[in-house]
Amino acid sequence: APDGAVRWYGAALRLLPRDENAQRLELLPRLASALTALGELEQAHAALEEALRLSEQDAGGPRAELVARCAAVEHWLGRHADASRRLIRARDELAERNPAEAATLEIELAHNALYEMDFERNFEVGGMALERARKLGDQALIARAAAALCAGESAAGRMADAAAHCEEGL
């Protein structure tokens, strides 16, 4: 019942003091999910942008998952260039500090390239994500990066490469 969730999350946010950042950071992405389920993409985007502002104040930088979710909504709104800029900016900020989050954003950039049918860009950033994930030894990231590459390679007709990355992701 996403409409009920929107009402409850909205009420909870209205009742919270403005300086309760931690609780707001918990509620805003949930509100955005419910709004997305209702097709209220502009409102979902606004909730995610507010969560990003709060995360930057609290954590000193963006959180990859919030950035990725905000970029996804921007794609659904047809704002592909905005999504790309957001992902690149956040990835560049996180690359040295948090390689796992940087890899997460590179995976999103690989998906981002498919919105524009830019297969070479998918291969480039997907490959970067996969290499970073391999260095980290993070099997979940390896699987996600391999899947992003597989999607681009399949769409580009590079079936042997796609099969290899599909296998690596298992």
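Thr-104 is in contact with Ala-64, Leu-141 and Arg-144, leaving aside its neighbours within four places in sequence. This picture comes from a predicted model. Thr-104 is found in helix H6, which covers residues 99–115.

**Thr-104**
- Thr-104 is buried, because its relative accessible area is 10% and the cut-off for buried is under 20%.
- Among its contacts are Leu-141 and Arg-144. Both numbers fall in the range of helix H8 (139–155).

**Helix H7**
- Helix H7 runs over residues 119–136 and has 18 residues.
- From its first C-alpha to its last, H7 reaches 25 Å. That is close to the 26 Å expected at 1.5 Å a residue.
- The buried residues of H7 are Phe-119, Asn-122, Phe-123, Val-125, Gly-126, Ala-129, Leu-130 and Ala-133.
- What covers these buried residues includes H6, helix H8 (139–155) and helix H9 (159–169).
- Just after H7 comes Gly-137, with a positive phi of about 70°.

**Cysteines**
- A disulfide is a covalent bond between the sulfur atoms of two cysteines.
- The count of disulfides here is zero.
- Cys-166 is in no disulfide. The nearest cysteine sulfur belongs to Cys-150 and is 4.8 Å away, whereas a disulfide needs the pair within 2.5 Å.
- Cys-166 is partly exposed, with a relative accessible area of 39%.
- Cys-70 is buried, and its relative accessible area is 0%.

Technical notes
Residues numbered from 1 in each chain as written. Predicted model: local features only at pLDDT ≥ 70, side-chain atom pairs only at ≥ 80, totals over all residues. Heavy atoms only, no water. Helix = DSSP H or I, 4+ residues; strand = E, 2+ residues; numbered from the N terminus. Buried < 20%, exposed > 50% of the residue type's maximum accessible area, 1.4 Å probe, protein only. Contact = heavy atoms within 4.5 Å. Expected span 1.5 Å × (residues − 1).
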